[in-house]
Amino acid sequence: MAQVGKIEFTSDELDQTRELLVYTPAFYDEYPLVNYDVIFMFDCNSREFLNFITSSVSFMSGGNKKYIVVGIIPTFIDSLNYGRNNDLLPLPVNVEEKDYFGGGGYYGNRDKFMNYLKNEIIPYIDANYRTGPRRIGIGPSLSASVSFTALRTISGYRTILNSIPIHSRRRDIGVHSPTV
């Protein structure tokens, strides 16, 4: 049977404790000589996000391809005014800080987040699970930018799959549903 575990992970790169969800496919324990490619899902806000990815991948492959899926749970630390955008956005360049994603300082830590992925999460998963050579990044919305950055900067990060829906009630940006 497929299993999902929650791991509390202390990061030296971020100087924070984070959580990961790790899905191993059915029969993972029964076949100890089989390695699995890894899907990293950024912005994995809930178990339902992880379930959506694992079931979609199974459906699209006809059940023939199995993966380990790592859900990277975003964080919000109220005392530090630190949220997911800090992880996903670089420091502003050629833009006034007050105009950069609404100001407020929710940006600028993407380099450390990429180091967290490259130097801590990937080695941890490789050391504790039977991983194959391919790593796939899935990032909804703004976290898709992290997947693209990983593709450019992390060795062995060969394949990328991104979902970039933008939802807004404003009609001048993003995708919206017509009013009935």
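Predicted model: local features only at pLDDT ≥ 70, side-chain atom pairs only at ≥ 80, totals over all residues.
**Ile72.** Setting aside neighbours within four places in sequence, Ile72 touches Glu19, Leu20, Phe40, Met41, Phe42, Asp43, Cys44, Phe113, Leu117 and Ile121.

**Ground rules.** I number residues from 1 along each chain as its sequence is written, and side-chain values use heavy atoms, with hydrogens and water left out. Local features need pLDDT of at least 70 and side-chain atom pairs count only at pLDDT 80 or more, while totals for chains, interfaces and linings use all residues.

**Cores.** Next I looked up the nonpolar cores, each a set of buried Ala, Val, Leu, Ile, Met, Phe, Trp, Tyr and Cys residues joined through side-chain atoms within 4.5 Å. Buried is under 20% relative accessible area, exposed is over 50%, and partly exposed lies in between (1.4 Å probe, protein chains only). The largest core has 24 residues, and Phe40, Val70, Ile72 and Ile121 touch the most other members. At least two residues of this core come from each of strands E1 (3-11), E2 (16-24), E3 (36-42) and E4 (67-72) and helix H3 (110-128). With seven residues, H3 gives the most. I took the elements from DSSP runs, numbered from the N terminus: helices are H or I of at least four residues, strands E of at least two. A second, separate core has 13 residues, including Leu21, Tyr23, Ile39 and Leu50.

**Salt bridges.** I then searched the whole structure for salt bridges (a side-chain nitrogen of Lys or Arg within 4 Å of a carboxyl oxygen of Asp or Glu) and found four.

Lys6 pairs with Glu19 at 3.7 Å, N to O. Lys6 is in strand E1 and Glu19 in strand E2, 13 residues apart. Lys6 is exposed at 55% relative accessibility, whereas Glu19 is partly exposed at 31%.

Which residue forms a salt bridge with Lys65? I find Asp37, with the closest N and O atoms 3.3 Å apart. Lys65 sits in the loop between helix H1 (47-60) and E4 and Asp37 in strand E3, so this pair ties together parts 28 residues apart in sequence. Lys65 is partly exposed at 33%.

Is Asp37 buried or exposed? Asp37 is buried, at 7% relative accessibility.

Asp37 also meets Arg134 in a salt bridge, at 3.4 Å, N to O. Arg134 is in strand E5 (residues 131-138), 97 residues from Asp37 in strand E3. I noted Arg134 as partly exposed, at 30%. Through shared partners, salt bridges join Asp37, Lys65 and Arg134 into one network.

Definitions and conventions:
Contact = heavy atoms within 4.5 Å.
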